[in-house]
Amino acid sequence: MSDTDKNDSGASQWLPIQIAPDDCDLELGRPHKTGILPLTFPCRRKAGVWFNVWAGEAVLISPSHWRIWRSRI
C-alpha cells in the first residue's frame with residue numbers, strides 16, 4: 001500500500017477504470033510495486049479521453065483505477 005492509501009484510512013476504495021463515470025472529478029491511479037499510485041490532480045473523462053481538470057490537458061497515462069476526488073486541503 002502506498003503512503004497515500006495508508007493515510008486515507010480506507011475511506012475511499014479504488015475501483016476498476018472500466019466502471020468510471022463521466023463528467024465528474026475523479027482521482028485516477030495506476031499500478032505500482034507498492035499498490036495503486038494516485039495522480040495528484042483531479043481528472044475527468046470527455047469523449048473517452050482523460051483530462052487533468054486543473055490544466056485542461058489530456059492525461060498521457062492509461063489509468064487502471066479510480067475513486068472520487070477529495071481535496072487534500
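In this predicted model, buried residues account for 34% of the chain's 73 residues. The chain exposes about 4,800 Å², of which carbon and sulfur atoms supply 55%. One helix and seven strands make up its list of elements, and along the sequence they follow the pattern α-β-β-β-β-β-β-β. Of the contacts between residues at least 6 apart in sequence, 54% join residues at least 24 apart.

Strand β7, residues 65–68, pairs with strand β1, residues 15–16, in the antiparallel sense over two bridges, and β7 is also joined by four bridges to strand β2, residues 26–32, again running antiparallel. His-65 of β7 is the bridge partner of Pro-16, and Gly-29 likewise stands opposite His-65.

The largest nonpolar core has 10 residues, among them Leu-26, Leu-28, Cys-43, Trp-50 and Val-59. Leaving aside neighbours within four places in sequence, Cys-43 is in contact with several other residues, including Cys-24, Leu-26, Leu-28, Trp-50 and Val-59.

| Residue | Relative accessible area | Class |
|---|---|---|
| Cys-24 | 22% | partly exposed |
| Cys-43 | 0% | buried |

Cys-43 counts as buried because its relative accessible area of 0% is under the 20% cut-off, whereas Cys-24, at 22%, lies between the 20% and 50% limits and is therefore partly exposed. Although Cys-24 is among the contacts of Cys-43, the count of disulfides in the model comes to zero, a disulfide being a pair of cysteine sulfur atoms within 2.5 Å.

Note on methods. Residues are numbered from 1 along each chain as its sequence is written. This is a predicted model: local features need pLDDT of at least 70, side-chain atom pairs count only at pLDDT 80 or more; totals for chains, interfaces and linings use all residues. Side-chain values use heavy atoms; hydrogens and water are left out. Buried means under 20% relative accessible area, exposed over 50%, partly exposed in between (1.4 Å probe, protein chains only). A nonpolar core is a set of buried Ala, Val, Leu, Ile, Met, Phe, Trp, Tyr and Cys residues joined through side-chain atoms within 4.5 Å. Contact means heavy atoms within 4.5 Å. Two strands pair if DSSP finds at least two bridges between them. Accessible areas come from the Shrake-Rupley method with a 1.4 Å probe; for residues, only the protein chains shown count as cover.
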